[in-house]
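Here's a quick briefing to read alongside the model. Have the viewer open as you go through it.

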Amino acid sequence: MITVQNLHKSYGKQLVLDNVSFSIPNGEIVGFLGNNGAGKSTTMKIITGYVEADKGKVEVCGIDIAKNPLEASRKIGYLPEHNPIYPEMFVKEYLRFVAKLYKLGKDTNARVDEIIEKMGLTQEYRKKIGMLSKGYRQRVGLAQALLPNPEVLILDEPTTGLDPNQIVEVRNLIKEIGKEKTVMLSTHIMQEVSAICKRVIIINKGRIVADDKESVIVSAGSGSGFAVVVEFNCPQETETLKQIKNIISVSPVSENTYLFESAGDAREEIFRYAVSNGYVILTMKQQERSMEEVFRALTN
(Lines give C-alpha, C1' and ligand atoms only; values in the text may rest on other atoms or scores of the structure.)
Protein backbone atom coordinates (compact mmCIF):
# COMPACT_ATOMS: atom_id res chain seq x y z
CA MET A 1 0.00 0.00 0.00
CA ILE A 2 1.15 3.54 -0.80
CA THR A 3 -0.07 6.64 1.03
CA VAL A 4 1.01 10.10 -0.15
CA GLN A 5 -0.04 13.14 1.89
CA ASN A 6 0.43 16.81 0.97
CA LEU A 7 3.71 16.49 -0.91
CA HIS A 8 5.56 19.69 -1.81
CA LYS A 9 8.81 19.82 -3.75
CA SER A 10 10.73 22.70 -5.34
CA TYR A 11 14.00 22.92 -7.21
CA GLY A 12 15.19 26.44 -6.56
CA LYS A 13 12.34 28.75 -7.46
CA GLN A 14 10.56 26.13 -9.56
CA LEU A 15 7.64 24.48 -7.77
CA VAL A 16 7.47 20.85 -8.96
CA LEU A 17 4.90 19.32 -6.60
CA ASP A 18 2.10 21.34 -5.01
CA ASN A 19 0.15 19.56 -2.25
CA VAL A 20 0.03 16.13 -3.94
CA SER A 21 -2.05 13.49 -2.12
CA PHE A 22 -3.33 10.03 -3.06
CA SER A 23 -3.34 6.44 -1.81
CA ILE A 24 -3.05 3.10 -3.59
CA PRO A 25 -4.36 -0.03 -1.84
CA ASN A 26 -2.85 -3.50 -2.02
CA GLY A 27 -3.20 -5.42 -5.28
CA GLU A 28 -4.06 -2.47 -7.55
CA ILE A 29 -2.39 -1.37 -10.80
CA VAL A 30 -2.54 2.42 -11.11
CA GLY A 31 -1.53 4.50 -14.12
CA PHE A 32 0.23 7.79 -13.29
CA LEU A 33 -0.18 10.21 -16.20
CA GLY A 34 1.09 13.68 -16.94
CA ASN A 35 2.99 15.75 -19.49
CA ASN A 36 6.78 15.94 -19.37
CA GLY A 37 7.72 18.09 -16.39
CA ALA A 38 4.37 17.59 -14.65
CA GLY A 39 5.98 15.96 -11.60
CA LYS A 40 5.55 12.22 -12.28
CA SER A 41 9.17 11.12 -11.93
CA THR A 42 9.75 13.40 -8.93
CA THR A 43 6.74 11.90 -7.15
CA MET A 44 7.99 8.38 -7.86
CA LYS A 45 11.51 9.22 -6.69
CA ILE A 46 10.11 10.58 -3.43
CA ILE A 47 8.02 7.44 -2.91
CA THR A 48 11.08 5.25 -3.47
CA GLY A 49 13.29 7.39 -1.23
CA TYR A 50 15.66 8.64 -3.93
CA VAL A 51 14.54 12.27 -3.43
CA GLU A 52 13.39 14.01 -0.26
CA ALA A 53 10.19 16.05 -0.21
CA ASP A 54 10.25 19.60 1.12
CA LYS A 55 7.00 18.94 2.95
CA GLY A 56 4.51 16.10 3.21
CA LYS A 57 4.53 12.44 4.13
CA VAL A 58 4.87 9.14 2.27
CA GLU A 59 4.15 5.72 3.74
CA VAL A 60 4.82 2.42 1.99
CA CYS A 61 3.17 -0.58 3.63
CA GLY A 62 2.66 1.57 6.71
CA ILE A 63 6.35 2.60 6.94
CA ASP A 64 7.30 6.30 6.82
CA ILE A 65 9.81 6.65 3.97
CA ALA A 66 11.48 9.68 5.59
CA LYS A 67 11.87 8.16 9.07
CA ASN A 68 12.71 4.58 8.05
CA PRO A 69 14.05 4.73 4.47
CA LEU A 70 15.92 1.40 4.54
CA GLU A 71 13.00 -0.51 6.01
CA ALA A 72 10.58 1.08 3.52
CA SER A 73 12.91 0.48 0.55
CA ARG A 74 12.86 -3.27 1.28
CA LYS A 75 9.16 -3.20 0.41
CA ILE A 76 9.72 -1.46 -2.94
CA GLY A 77 10.86 -2.61 -6.37
CA TYR A 78 11.78 0.31 -8.64
CA LEU A 79 12.36 0.50 -12.39
CA PRO A 80 13.42 4.07 -13.32
CA GLU A 81 12.77 5.56 -16.73
CA HIS A 82 16.39 4.92 -17.71
CA ASN A 83 16.93 1.24 -16.96
CA PRO A 84 19.90 0.95 -14.54
CA ILE A 85 21.64 -2.06 -16.05
CA TYR A 86 25.28 -2.74 -16.95
CA PRO A 87 25.52 -3.75 -20.64
CA GLU A 88 28.93 -5.42 -20.20
CA MET A 89 27.60 -7.89 -17.59
CA PHE A 90 25.91 -11.20 -18.32
CA VAL A 91 22.22 -11.39 -17.36
CA LYS A 92 22.64 -13.93 -14.59
CA GLU A 93 25.83 -12.24 -13.36
CA TYR A 94 24.02 -8.92 -13.10
CA LEU A 95 21.03 -10.38 -11.25
CA ARG A 96 23.36 -12.10 -8.76
CA PHE A 97 25.12 -8.79 -8.25
CA VAL A 98 21.78 -7.07 -7.53
CA ALA A 99 20.78 -9.92 -5.20
CA LYS A 100 23.94 -9.32 -3.17
CA LEU A 101 23.05 -5.63 -2.90
CA TYR A 102 19.69 -6.70 -1.49
CA LYS A 103 21.57 -9.09 0.87
CA LEU A 104 19.53 -12.14 -0.12
CA GLY A 105 22.30 -14.34 1.30
CA LYS A 106 21.87 -18.11 0.90
CA ASP A 107 18.63 -17.55 -1.07
CA THR A 108 20.49 -15.71 -3.86
CA ASN A 109 20.92 -18.54 -6.40
CA ALA A 110 17.40 -19.94 -5.95
CA ARG A 111 15.80 -16.51 -6.18
CA VAL A 112 17.82 -15.51 -9.27
CA ASP A 113 16.87 -18.76 -11.03
CA GLU A 114 13.22 -18.27 -10.07
CA ILE A 115 13.08 -14.69 -11.37
CA ILE A 116 14.88 -15.63 -14.62
CA GLU A 117 12.20 -18.21 -15.34
CA LYS A 118 9.35 -15.89 -14.30
CA MET A 119 10.58 -13.06 -16.54
CA GLY A 120 11.04 -15.35 -19.56
CA LEU A 121 14.84 -14.96 -19.59
CA THR A 122 15.72 -18.67 -19.59
CA GLN A 123 17.03 -18.55 -23.17
CA GLU A 124 18.86 -15.26 -22.64
CA TYR A 125 20.56 -15.39 -19.23
CA ARG A 126 23.95 -16.50 -20.65
CA LYS A 127 24.13 -13.41 -22.89
CA LYS A 128 25.63 -10.05 -22.10
CA ILE A 129 22.93 -7.44 -21.42
CA GLY A 130 24.28 -5.24 -24.20
CA MET A 131 23.47 -8.00 -26.71
CA LEU A 132 19.79 -8.12 -25.75
CA SER A 133 16.90 -6.41 -27.52
CA LYS A 134 15.27 -3.45 -25.81
CA GLY A 135 12.34 -5.66 -24.80
CA TYR A 136 14.60 -8.17 -23.06
CA ARG A 137 16.58 -5.39 -21.38
CA GLN A 138 13.29 -4.17 -19.93
CA ARG A 139 12.65 -7.71 -18.71
CA VAL A 140 16.03 -7.64 -16.97
CA GLY A 141 15.10 -4.29 -15.40
CA LEU A 142 11.82 -5.76 -14.14
CA ALA A 143 13.70 -8.80 -12.88
CA GLN A 144 16.07 -6.68 -10.76
CA ALA A 145 13.10 -4.75 -9.36
CA LEU A 146 11.35 -8.01 -8.42
CA LEU A 147 14.37 -9.84 -6.95
CA PRO A 148 13.70 -8.90 -3.30
CA ASN A 149 10.05 -9.93 -3.74
CA PRO A 150 8.73 -6.42 -2.95
CA GLU A 151 5.14 -5.70 -2.01
CA VAL A 152 5.12 -2.48 -4.08
CA LEU A 153 6.40 -1.99 -7.63
CA ILE A 154 7.14 1.48 -9.06
CA LEU A 155 7.63 1.58 -12.85
CA ASP A 156 8.59 4.81 -14.62
CA GLU A 157 7.79 4.60 -18.37
CA PRO A 158 8.35 0.81 -18.56
CA THR A 159 7.51 0.49 -22.28
CA THR A 160 9.32 3.57 -23.66
CA GLY A 161 11.15 2.78 -26.88
CA LEU A 162 9.73 -0.71 -27.32
CA ASP A 163 8.20 -2.00 -30.56
CA PRO A 164 4.50 -3.04 -30.57
CA ASN A 165 5.23 -6.73 -29.89
CA GLN A 166 7.62 -5.90 -27.05
CA ILE A 167 5.05 -3.50 -25.54
CA VAL A 168 2.47 -6.31 -25.44
CA GLU A 169 5.00 -8.66 -23.82
CA VAL A 170 5.90 -6.16 -21.08
CA ARG A 171 2.24 -5.27 -20.50
CA ASN A 172 1.40 -8.93 -19.99
CA LEU A 173 4.26 -9.25 -17.52
CA ILE A 174 3.00 -6.24 -15.56
CA LYS A 175 -0.54 -7.63 -15.50
CA GLU A 176 0.77 -10.91 -14.07
CA ILE A 177 2.85 -9.06 -11.48
CA GLY A 178 -0.18 -6.93 -10.57
CA LYS A 179 -2.05 -10.02 -9.40
CA GLU A 180 0.29 -10.18 -6.41
CA LYS A 181 1.75 -6.67 -6.02
CA THR A 182 0.70 -3.06 -5.75
CA VAL A 183 1.88 -1.48 -9.01
CA MET A 184 2.23 2.21 -9.86
CA LEU A 185 3.39 3.00 -13.39
CA SER A 186 3.83 6.20 -15.34
CA THR A 187 3.20 6.23 -19.08
CA HIS A 188 2.40 8.46 -22.05
CA ILE A 189 0.56 5.64 -23.84
CA MET A 190 -3.19 5.87 -23.30
CA GLN A 191 -3.79 2.33 -24.61
CA GLU A 192 -1.54 1.09 -21.84
CA VAL A 193 -3.88 2.60 -19.26
CA SER A 194 -6.90 0.88 -20.81
CA ALA A 195 -5.03 -2.41 -21.13
CA ILE A 196 -3.66 -2.87 -17.62
CA CYS A 197 -4.67 -0.15 -15.14
CA LYS A 198 -7.63 -0.35 -12.76
CA ARG A 199 -7.30 3.34 -11.93
CA VAL A 200 -5.75 6.51 -13.31
CA ILE A 201 -4.12 9.45 -11.54
CA ILE A 202 -3.39 12.51 -13.70
CA ILE A 203 -0.94 15.17 -12.55
CA ASN A 204 -0.57 18.58 -14.20
CA LYS A 205 1.93 21.27 -13.20
CA GLY A 206 2.54 19.54 -9.89
CA ARG A 207 -1.10 19.08 -8.89
CA ILE A 208 -3.46 16.11 -9.09
CA VAL A 209 -6.25 16.98 -11.55
CA ALA A 210 -7.98 13.56 -11.78
CA ASP A 211 -8.00 10.35 -9.75
CA ASP A 212 -10.52 7.60 -10.57
CA LYS A 213 -11.33 4.73 -12.92
CA GLU A 214 -10.71 5.55 -16.59
CA SER A 215 -14.42 5.31 -17.45
CA VAL A 216 -15.34 7.76 -14.69
CA ILE A 217 -12.64 10.27 -15.74
CA VAL A 218 -13.71 10.08 -19.40
CA SER A 219 -17.36 10.53 -18.47
CA ALA A 220 -16.61 13.50 -16.20
CA GLY A 221 -14.28 15.02 -18.80
CA SER A 222 -17.02 14.94 -21.38
CA GLY A 223 -19.05 17.35 -19.25
CA SER A 224 -22.70 17.91 -20.14
CA GLY A 225 -22.02 18.02 -23.89
CA PHE A 226 -23.38 15.38 -26.25
CA ALA A 227 -22.05 14.35 -29.65
CA VAL A 228 -23.65 12.08 -32.22
CA VAL A 229 -22.69 11.10 -35.78
CA VAL A 230 -25.63 10.74 -38.15
CA GLU A 231 -25.67 9.32 -41.69
CA PHE A 232 -28.63 10.37 -43.87
CA ASN A 233 -29.72 8.86 -47.18
CA CYS A 234 -28.88 12.10 -49.00
CA PRO A 235 -26.83 15.30 -48.51
CA GLN A 236 -28.03 17.93 -46.02
CA GLU A 237 -27.49 21.66 -45.62
CA THR A 238 -25.45 22.19 -42.45
CA GLU A 239 -27.11 25.58 -41.80
CA THR A 240 -30.50 23.84 -41.89
CA LEU A 241 -29.31 21.12 -39.52
CA LYS A 242 -28.14 23.78 -37.06
CA GLN A 243 -31.74 24.94 -36.70
CA ILE A 244 -32.71 21.67 -35.00
CA LYS A 245 -33.61 22.24 -31.35
CA ASN A 246 -30.69 22.07 -28.86
CA ILE A 247 -28.04 21.69 -31.58
CA ILE A 248 -24.90 23.76 -30.90
CA SER A 249 -22.86 22.89 -33.99
CA VAL A 250 -22.87 20.63 -37.06
CA SER A 251 -19.78 19.47 -38.98
CA PRO A 252 -19.68 17.34 -42.16
CA VAL A 253 -17.79 14.08 -41.57
CA SER A 254 -18.15 12.50 -45.02
CA GLU A 255 -20.74 12.34 -47.78
CA ASN A 256 -24.23 12.40 -46.17
CA THR A 257 -22.68 12.03 -42.66
CA TYR A 258 -22.60 14.80 -40.03
CA LEU A 259 -21.33 15.31 -36.49
CA PHE A 260 -23.91 17.00 -34.23
CA GLU A 261 -22.88 18.61 -30.94
CA SER A 262 -25.58 19.59 -28.47
CA ALA A 263 -26.08 20.65 -24.86
CA GLY A 264 -27.95 17.40 -24.12
CA ASP A 265 -29.18 14.28 -25.88
CA ALA A 266 -30.60 15.56 -29.20
CA ARG A 267 -31.15 12.22 -30.95
CA GLU A 268 -34.93 12.43 -30.69
CA GLU A 269 -34.97 15.93 -32.21
CA ILE A 270 -32.73 14.80 -35.08
CA PHE A 271 -35.02 11.85 -35.74
CA ARG A 272 -38.10 14.10 -35.80
CA TYR A 273 -36.32 16.43 -38.26
CA ALA A 274 -35.63 13.50 -40.60
CA VAL A 275 -39.18 12.13 -40.42
CA SER A 276 -40.86 15.51 -40.95
CA ASN A 277 -38.70 16.21 -44.02
CA GLY A 278 -38.93 12.75 -45.56
CA TYR A 279 -35.28 11.80 -45.00
CA VAL A 280 -34.01 8.40 -43.90
CA ILE A 281 -31.40 8.03 -41.11
CA LEU A 282 -29.11 5.14 -42.10
CA THR A 283 -26.93 5.22 -38.96
CA MET A 284 -26.84 7.21 -35.72
CA LYS A 285 -24.04 6.69 -33.21
CA GLN A 286 -23.16 8.55 -30.04
CA GLN A 287 -19.52 9.70 -30.03
CA GLU A 288 -17.73 9.51 -26.70
CA ARG A 289 -14.54 11.39 -25.90
CA SER A 290 -11.42 9.26 -25.64
CA MET A 291 -9.05 9.14 -22.68
CA GLU A 292 -6.49 10.91 -24.84
CA GLU A 293 -8.89 13.82 -25.51
CA VAL A 294 -9.77 14.12 -21.82
CA PHE A 295 -6.09 13.98 -20.87
CA ARG A 296 -5.30 16.82 -23.27
CA ALA A 297 -8.20 18.87 -21.89
CA LEU A 298 -7.03 18.35 -18.29
CA THR A 299 -3.36 19.11 -18.96
CA ASN A 300 -3.51 21.98 -21.46
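Where does Thr159 lie? Thr159 sits in the loop between strand E7 (152–156) and helix H6 (164–177), with helices (H or I, at least four residues) and strands (E, at least two) taken as DSSP runs numbered from the N terminus. This is a predicted model, where local features need pLDDT of at least 70, side-chain atom pairs count only at pLDDT 80 or more, and totals for chains, interfaces and linings use all residues. Residues are numbered from 1 along each chain as its sequence is written, and side-chain values use heavy atoms, leaving out hydrogens and water.

**Around Thr159**
- Thr159 counts as buried because its relative accessibility is 3% (buried means under 20% relative accessible area, with a 1.4 Å probe and protein chains only).
- Leaving aside neighbours within four places in sequence, Thr159 is in contact (heavy atoms within 4.5 Å) with Gln138, Ile167, Val170, Ile189 and Glu192.
- With Glu192, the Thr159 side chain makes a side-chain polar contact of 2.7 Å (a pair of N or O atoms within 3.5 Å, one able to donate a hydrogen and the other to accept it).
- Ile189 is 30 residues away from Thr159 along the chain, and their C-alpha atoms are separated by 8.8 Å.

**H3 against H5**
- Helix H3 (residues 91–101) and helix H5 (residues 134–146) pack at an angle of about 25°, axes 9 Å apart, the axes being lines fitted to C-alpha atoms over the stretch in contact and angles running from 0 to 180 degrees between N-to-C directions.
- That makes H3 roughly parallel to H5 (angles under 35 degrees).
- H3 brings Val91, Tyr94, Leu95 and Val98 to the contact, and H5 brings Val140, Ala143 and Gln144.

Key:
Buried means under 20% relative accessible area, exposed over 50%, partly exposed in between (1.4 Å probe, protein chains only). Angles under 35 degrees count as roughly parallel, over 145 as roughly antiparallel, 65 to 115 as roughly perpendicular and the rest as oblique.
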